[in-house]
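Me: I would like to learn how to read the packing in a structure that is new to me. Could we go through it one feature at a time?

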Amino acid sequence: MKLRAYVLMLLVVAVWGSTFVVIKGALADATPAAFNLVRMALAFGLLGIAYHRAWRGIRRSDLAAGALVGLCLAAGYQFQTIGLVRTTPSKSAFITGLVVVLVPLFSTIPSLRAPDAHAPRWNAYSGAALAFVGILLLTAPAAAKAGVAGLVPDFSSINLGDVLTFGCSIGFTFHCLALSHVSPRIPFQPLALLQVGFCAVFMAISMPMIEHPQIHFTPRLVTALIVAAPLATAAAFSIQSWAQSILPSTHIALLLTMEPVFAWITSFLFTGERMGLRPACGALLILAGIGLTELVPQPHVPSAHEA
């Protein structure tokens with residue numbers, strides 16, 4: 001049973017990693033918000049069929065919780081997909097991975113962390129420091145000044161897509177913190193339905209304010225939707241929820257650190273994206289910060305994809 005959980009979770013992480021490249025290509029055929037809305041609407045329809053018995057168990061008090069979690073989820077995906085238009089898949093994945101560092105860091109605020117959670121320990125702050133240096137190396141080229149070239153980042157050259165993707169990691173951070181408050185009192189099935197459903201609603205509301213939506217159904221776009229909606233959203237959330245009941249949280253966290261690695265491998269194989277020495281060092285520092293934050297034993301905080 002444990003071996004099956006490890007294998008399935010590794011496949012889920014590989015799917016999540018590959019979506020950065022697949023969606024990047026599909027955004028040539030659809031605007032970001034339009035793609036997100038179709039993705040979430042399809043995922044909601046699939047979950048609605050799969051968990052059709054859960055509809056009867058939804059209470060009025062669950063609606064507000066589902067709306068809050070769905071709002072955070074929508075913000076995360078909107079920032080991520082819009083940012084992906086302007087940055088590379090591997091950079092997007094590494095910056096999104098910062099959520100594993102930001103969750104315990106934001107948990108220093110007592111009102112944000114779950115009632116039974118403890119304040120973060122030294123490793124959370126150390127991991128955040130490593131990840132911060134890593135994100136500077138990954139996103140900001142070196143300043144061309146005598147004596148400091150290669151050391152001091154040129155902040156004026158940071159890509160807008162990188163900034164938007166960092167906003168995505170903050171959105172997913174609040175998504176995790178919201179889940180840590182509501183998931184103990186709401187069964188997974190109705191919570192999955194509510195958060196994905198409200199996510200689609202908020203995407204529909206925000207879309208006219210973000211863009212003039214356009215979508216052209218090409219084979220490339222249909223392939224991306226098949227990967228993103230049934231596999232990376234509906235099936236992946238279900239598999240992880242099952243795996244979390246079997247595997248230790250630290251093992252899940254270790255598997256999740258592989259997501260940006262899979263994203264880089266996929267990007268290298270299919271688009272030929274290469275990292276220079278400076279951004280590669282930044283990516284390694286981000287992974288080191290994530291590992292230091294998650295793998296040192298401490299009270300568990302939900303990861304970015306936990307539903």
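Me: Which residues does T165 touch, not counting residues up to four places away in sequence?

Reply: Bear in mind that this is a predicted model. With that said, T165 touches F79, G83, T87, S92, I95 and T96, once residues up to four places away in sequence are not counted. T165 itself is found in helix 7.

Me: Is T165 buried or exposed?

Reply: The cut-off for buried is under 20% relative accessible area. T165 counts as buried because its relative accessibility is 0%.

Me: How should I read the packing of two helices?

Reply: Two packed helices are described by the angle between their axes and the distance between the axes. Take helix 5 (residues 99-106) and helix 7 (residues 160-182), whose axes come within 9 Å and cross at roughly 55 degrees. Helix 5 and helix 7 are therefore oblique to each other, and helix 5 passes helix 7 in a right-handed crossing.

Me: Which residues of helix 5 and helix 7 meet?

Reply: From helix 5 come V99, L102, V103 and F106, and they meet F166, S169, I170, F172, T173, F174, C176 and L177 in helix 7. Sorted by class, the contact of helix 5 with helix 7 has ten nonpolar residues, two polar ones and no charged ones.

Me: At what angle do helix 2 and helix 8 cross?

Reply: The axes of helix 2 (residues 32-50) and helix 8 (residues 188-210) cross at roughly 155 degrees and come within 9 Å. Angles over 145 degrees count as roughly antiparallel, and helix 2 and helix 8 are therefore roughly antiparallel to each other. In this pair, helix 2 passes helix 8 in a left-handed crossing. Among the residues that make the contact are A33, L37, M40 and F44 of helix 2, together with L193, V196, M203 and M207 of helix 8. The residues of this contact divide into 16 nonpolar, three polar and no charged.

Me: How many residues does the largest nonpolar core have, and which have the most contacts inside it?

Reply: A nonpolar core is a set of buried nonpolar residues joined through side-chain atoms. The largest one here has 52 residues, and those with the most contacts inside it are W16, M40, Y51, Y77, M203 and I286. Helix 8 gives the most to this core, with eight residues.

Key. Residues numbered from 1 in each chain as written. Predicted model: local features only at pLDDT ≥ 70, side-chain atom pairs only at ≥ 80, totals over all residues. Heavy atoms only, no water. Axes fitted to C-alpha atoms, helices over the stretch in contact; angles between N-to-C directions. Helix = DSSP H or I, 4+ residues; strand = E, 2+ residues; numbered from the N terminus. Parallel < 35°, antiparallel > 145°, perpendicular 65-115°, else oblique. Left-handed = near helix turned anticlockwise from the far one by under 90°. Contact = heavy atoms within 4.5 Å. Nonpolar A, V, L, I, M, F, W, Y, C, P; charged D, E, K, R; others polar. Buried < 20%, exposed > 50% of the residue type's maximum accessible area, 1.4 Å probe, protein only. Core = buried A, V, L, I, M, F, W, Y, C linked by side-chain atoms within 4.5 Å.
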